[in-house]
Amino acid sequence: MNAGIRKAAVLGAGTMGARIAAHLANAGVPCYLLDIRPPELTPEETARKLTPESPEVRNRIVRAGFEAAKKARPAAFFTPDTARLVTIGNFDDNLAWCAEADWIIEAVAENLDIKRKLLERVEQHRRPGALVTTNTSGLPVRLIAEGRSDDFRRNWAGTHFFNPPRYMKLVELIPGPDTRPEALAALRDFCDRALGKGVVVAKDTPNFIANRIGTFSMLNVLALMQELDMTIEEVDACTGPAVGWPKSATFRTADIVGLDVLVHVVRNIYDNAVGDEMRERYRVPPLVEEMMKRGWLGEKTGSGFYKRVKGGEGKDILTLDWKTMDYRPRAKARFGSIEGGKAIDDTRDRLRELLAPALAGRDGDKGARFLWRSISEMCLYAARRVPEIADSIVDVDCAMRWGFAWEMGPFEIWDAAGVEPMARRIEQEGRALPPLVTALLSSGRKSFYGGQAGRKTYFDLSSKSDREETLPAGVIVLDRLRQAGRVVERNAGASLLDLGDGVVCCEFHSKMNSIGADTVQMLHAGLKRLKSDFDAMVVANQASNFCVGANLMLVLMLAQEQEWDEVHLAVRQFQQVNLALKHSPKPVVAAPFGMSLGGGCEIPLHSARIQAAAETYIGLVEVGVGLIPGGGGTKEMVVRANEHARSVNPAGGDGSDLDLFHALKPIFEQIATAKVATSAEEGRAFGYLRSSDAVSMNKDRQVADAKALALELVREGYRPGHPPPTEPSIRVLGEQFLAGAKLAIHMMLRGSFISDYDAHVGRKLANILAGGPLSASQLVSEQYLLDLEREAFVSLCGERKTQERMAHTLKTGKPLRN
């Protein structure tokens, strides 16, 4: 079998099927998306005199699913243009297309009979060796393929994606009894490298790994809420960021997923997990049954555990009172334990503190009692499921992190709380310890995970010994390099790490990776080391976001104290380090991901190449706080506008003034509206990435990919090739552009789309993009544009409304329009 997957077919255009097809398209894989033919005409189709044979009718269902995916928010496709890689059809007319597919994914209704009958038809067209998988969320994978040929079953598996497939990292890979190891390896590699997924191998048990544990946790929490007489808000306050779980916590998550989906999962586990010691917990709770009867299914029906209603300034959120089954205004939950934990940044330390009263045998407040019961019962349940659902505790922890967005999986939680004190308290309460925990403690170990010098180990139940958690080829974990003593230099905000093979990495680790003096100093230190000791540099980190921009608190403090020389100096230093990155004689590769905003966009703009994560949300957003990009970002976008103008001029040369005007117009709109690209590919369309820049679908591979790109530049004999910063080399339009930009600002202001102060900031921005009020187009230097940037930035810092915007953003995390 050729393991290369060049074309795919997805069968079923529902919420999951259509979005799986979209993500295959994101990976550059052409995909067929098929669904059933409608059984009858709609009244509208009858009125239009269409017939059951009309192509528009025959593809109505699949088209609806495809259009829903194109309109989905958050977006299912990286860019609108990506949708062109998906071709729609129906099972009756187009199932033969499956013969062209290297991978066929079944994603129809969760009904064993429907799936079997469809796969019987598919086998008539599937070519030998083609991979076939089911996206079932819990049906037995082995039963779905019963009756199929040997070749079919040898290339058959479950691939359980989580919704939405583009954003949720987890794919559970479930082999059938006859699945070839090579087929499993091909699926694992493709999901990892091409789709950017974290893959865990699950056993063919009810609802596999993540849904088995996550559903138990949710049902257990619901039971504890009623037992401890808690409100829905109180439970969500305890089961969200306080313990490293998503902001949607328990009941907001249930509303997003949909109670009908939850009930389906619960019933499937109850019906099939007959040997589960907690099987009775999987009876659908009466509260949920009643909500189902009333049609309160969550977001899809407008009412669930929460309900949105029209309020004075938009929509208010009401909360279900589960005792009366009435909705009431949402009330803020306050537990001293939870409030105290907010002061602890590290999730492990915070969780340990929250569980401390229970571990010490103290009662604690209701929040602390709830947390101990819910966390300990979930951890016990997870420990009893090994090796039933997975052989490795690593797969269980990864499944919960990637599928439910927990910061720590169950066994990492055991370690954070302390396995010994947790086990001791559980036994004191008369609860039995699972064999996995007793085996660990009997071996003399005190934690599930260990390791030293950059090696990480985990406890393996089958051998009752530690095994090394090896990294896949092409994955670099910066924490492990740090533990292995590969730190070259370090300060409070950033570090230099030796990646090996002559590549140094500048890693940010300030709060939110904001840019301050420490960051600038370490970038300079990296360039100095690059000159003498290394061949290339990578600017990367592995936090939640690459960089959110400048240290806004520092800028505001300097502005309020009118330390204008200090502001000038800080801006100049950031500009100069970015210039140094750009003009470095050796290559610098930036690796942005997640939020890469303001200065976090300007650093990549000045790098020789960008190796972006697919999920990179990049933009120059300074106008949102009443400023303009001051670290060279505005200047670099003028440079890119010049490049674009040259590229669209078929006669060659620098392009016409009109070409440059049209290139500058969208740049002005993007920066003036603080527009952020919603993917790396959209960032390319915005001009933040060039055609030569690369994208890593899997963020885990990004640092290694950036290193490889840097070494490729070295092998090619990299030279920066930019004119000196003081040489006039950038064409600007002066008043030609400025007049057009001012007219656009005036029209936006008249239409009440922007405030007077937005217009003021917009004119400052337009002046830089125009190169100042020059009477004709001419060449200017990088330094000339940087001086314009710095002057505008500092002058805006001195304005009261800008300071109000900065203060509001720091307080609320949201921009202020004043």
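# Close-up views of a predicted model

**View 1. The lining of the second largest pocket comprises 27 nonpolar, 16 polar and 6 charged residues.** The structure shown here and in the legends that follow is a predicted model. The space in the second largest pocket amounts to about 1400 Å³. A total of 49 residues line this pocket, and those closest to its centre are Val-548, Gly-549, Ala-550, Asn-551 and Leu-552. Two or more lining residues are contributed by each of α23, α24 (552–560), α25 (564–583), β20 (594–597), α26 (599–605) and α34 (800–812). Among the contributors, α25 supplies the largest share of the lining, with 7 residues.

**View 2. An open sheet is built from 7 strands with mixed pairing.** The strands of this sheet follow the order β15-β16-β17-β18-β19-β21-β23. Strands β15 (487–490) and β23 (694–696) each have a single partner strand and stand at the edges, so one side of each is left without a neighbour in the sheet. From one strand to the next, the twist averages 20°. Within the sheet, strand β21, which spans residues 609–613, pairs with β23 in the parallel sense, and 3 bridges connect the two. In this pairing, Ala-613 stands opposite Ser-696 of β23.

**View 3. Helices α23 and α30 are shown with the strands of the 7-stranded sheet.** Helix α23, formed by residues 517–532, packs on the sheet and touches β15, β16 (494–500), β17 (503–508), β18 (536–539) and β19 (588–590). The direction of helix α23 makes about 30° with that of β16. Helix α30, formed by residues 702–715, lies across β16, β17, β18, β19, β21 and β23. Relative to β21, helix α30 runs at about 160°. Helix α23 is also one of the elements that give two or more residues to the lining of the second largest pocket.

**View 4. Strands β13 and β14 form a hairpin with 4 residues between the strands.** Strand β13 covers residues 457–460 and strand β14 covers residues 465–468; the two pair in the antiparallel sense over 4 bridges. Phe-459 has Asp-466 in β14 as its bridge partner. In this hairpin, Lys-464 adopts a positive phi near 50°.

View 5. Strand β4 (residues 103–106) pairs with strand β5 (residues 131–134) in the parallel sense, through 4 bridges. Ile-105 stands opposite Thr-133 of β5.

**View 6. The loop between β8 and α10 holds Asp-204 and Phe-208.** This loop connects β8 (198–201) with α10 (210–227). The side chain of Asp-204 reaches two backbone nitrogens: that of Val-141 at 3.0 Å and that of Arg-142 at 2.9 Å. Apart from neighbours within four places in sequence, Asp-204 is in contact with Leu-139, Pro-140, Val-141, Arg-142 and Ile-174. Phe-208 has phi near 60°, a positive value in a residue other than glycine.

View 7. Pro-164 is placed in the loop between β6 (156–161) and β7 (170–175). Pro-387 belongs to the loop between α17 (366–384) and α18 (393–404).

Technical notes
Residues numbered from 1 in each chain as written. Predicted model: local features only at pLDDT ≥ 70, side-chain atom pairs only at ≥ 80, totals over all residues. Heavy atoms only, no water. Pairing = 2+ DSSP bridges. Axes fitted to C-alpha atoms, helices over the stretch in contact; angles between N-to-C directions. Contact = heavy atoms within 4.5 Å. 1 Å grid on protein atoms, 1.4 Å probe; cavity = no way out; pocket = protein on both sides within 12 Å on 5 of 7 lines; lining within 4 Å. Points joined across faces, edges and corners; volume = space filled by probe spheres on them. Nonpolar A, V, L, I, M, F, W, Y, C, P; charged D, E, K, R; others polar. Polar contact = N/O pair within 3.5 Å; in protein donor to acceptor, adjacent residues only side chain to side chain.
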